[in-house]
Amino acid sequence: MPVPQPAPLVLRGLRFDASRPAVMGIINRTPDSFYASARYLDDAAALRRAEQMVDEGVDLIDVGGVRAGQEGEWVDEATEIARVRPFVMALRERYPRLPISLDTWRAEVALACEGAVDLVNDTWQGADPDLVHVAARLDAGYVVSHTGGLPPRTDPVGVDYGPGDAVVEDVLRVLADGARRAVDAGVRPDGVLVDPTLDFGKTTPNSLALVAATDRVVALGFPVLQAISRKDFVGETLDLPTDDRLEGSLAATAVAAWLGATVFRAHDVRATRRVLDMVASIRGDRPPARADRGR
């Protein structure tokens, strides 16, 4: 079966495509992230983790200051800014060429990080309609997401998109519309990422179907972000707690990479980098690092 050729993503002058899919390392500036090992509320610890990610082959780092789900305390705008702004500024100073992504749904938080952000990761489907315009003002990329219409920090309950591949059709429609709005708002087309947003507003079968349909998302003509790492759909599929979801995450990563996804949000940078390089080589998009055997 022919493999789809994904659209390239360009951030900070760096190009990511089929030959070089990107690992987006996760640093959560929260005390209550669902994966305890990704919690870095202390600045020094967060910078040490960033340095480790760079050594492991990370391509960009995604920084968030609010837990995604409804568990944990509510975080107001001022608190979110206080959590993320000093760190992204320090990260930019430490690594001036490393693309930095900001995981937020709030326009004011993105504005507060002006000068340090290359990608605005809007994981809540434009809940703040000003956010995409802020991304354009900052000359940053923008992630278009799909949450099934749920507001920020809402866990899905009673989800039903209909029979067959209705969830895939809904995701394709929302992502296509959102990508057009982003371009119309002034975001560079090669800076628009589309994200099926697994788990958000979705059942486990929904998320599995969307991984399998990655090639259909690629066909929208924008680079695709897959945020798979240690999510609940992996845990429910294999009946495993968060700490034991690495292998399942990597298996889904390999499938989505083969089908053309360009960026992978990941806690486990080294393992994800190796999986993506191997898949790219099997696809024929990346030559082996060496090929001495049999010569």
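Modeller: A residue counts as buried when its relative accessible area is under 20%, and as exposed when that area is over 50%. Keep those cut-offs in mind for this predicted model.

Biologist: Why is F200 called buried?

Modeller: F200 has a relative accessible area of 14%. The cut-off for buried is under 20%. Therefore F200 is buried.

Biologist: What makes W124 buried?

Modeller: The relative accessible area of W124 is 4%. Buried means under 20%, so W124 is buried.

Biologist: Why are W124 and F200 called a tilted pair?

Modeller: Take the distance, then the angle. The ring centres of W124 and F200 are 4.9 Å apart, and a pair needs centres within 6.5 Å. Their planes stand at 50°. Stacked needs under 30 degrees and edge-to-face over 60, and the rest count as tilted. So the pair is tilted.

Biologist: What makes this pair a tie between parts of the chain?

Modeller: W124 sits in the loop between β6 (119-121) and α4 (131-137). F200 sits in the loop between β8 (192-194) and α6 (204-212). Those parts are 76 residues apart in sequence, so the pair ties them together.

Biologist: How many aromatic pairs does the structure hold?

Modeller: Two. W74 and W105 also form one, with 6.1 Å from centre to centre and 50° between the planes.

Biologist: Which parts does the pair of W74 and W105 tie together?

Modeller: W74 lies in the loop between β4 (60-64) and α2 (77-94), and W105 in the loop between β5 (100-103) and α3 (107-112). These parts are 31 residues apart in sequence.

Biologist: Is W74 buried or exposed?

Modeller: W74 has a relative accessible area of 56%. Exposed means over 50%, so W74 is exposed.

Biologist: Why does W105 count as buried?

Modeller: Its relative accessibility is 10%. The limit is under 20%, so W105 counts as buried.

Biologist: Now the whole chain. How many helices and strands are there?

Modeller: The protein chain has ten helices and ten strands.

Biologist: What makes the chain as compact as a globular protein of that length?

Modeller: Its radius of gyration is 18 Å. The globule rule gives 19 Å for 295 residues. The two values are close, so the chain is as compact as a globular protein of that length.

Biologist: What share of the residues is buried?

Modeller: Buried residues make up 55% of the 295 in the protein chain.

Notes. Residues numbered from 1 in each chain as written. Predicted model: local features only at pLDDT ≥ 70, side-chain atom pairs only at ≥ 80, totals over all residues. Heavy atoms only, no water. Helix = DSSP H or I, 4+ residues; strand = E, 2+ residues; numbered from the N terminus. Rg over C-alpha atoms; globule rule 2.2 N^0.38 Å. Buried < 20%, exposed > 50% of the residue type's maximum accessible area, 1.4 Å probe, protein only. Phe/Tyr/Trp six-rings, centres within 6.5 Å; stacked < 30°, edge-to-face > 60°.
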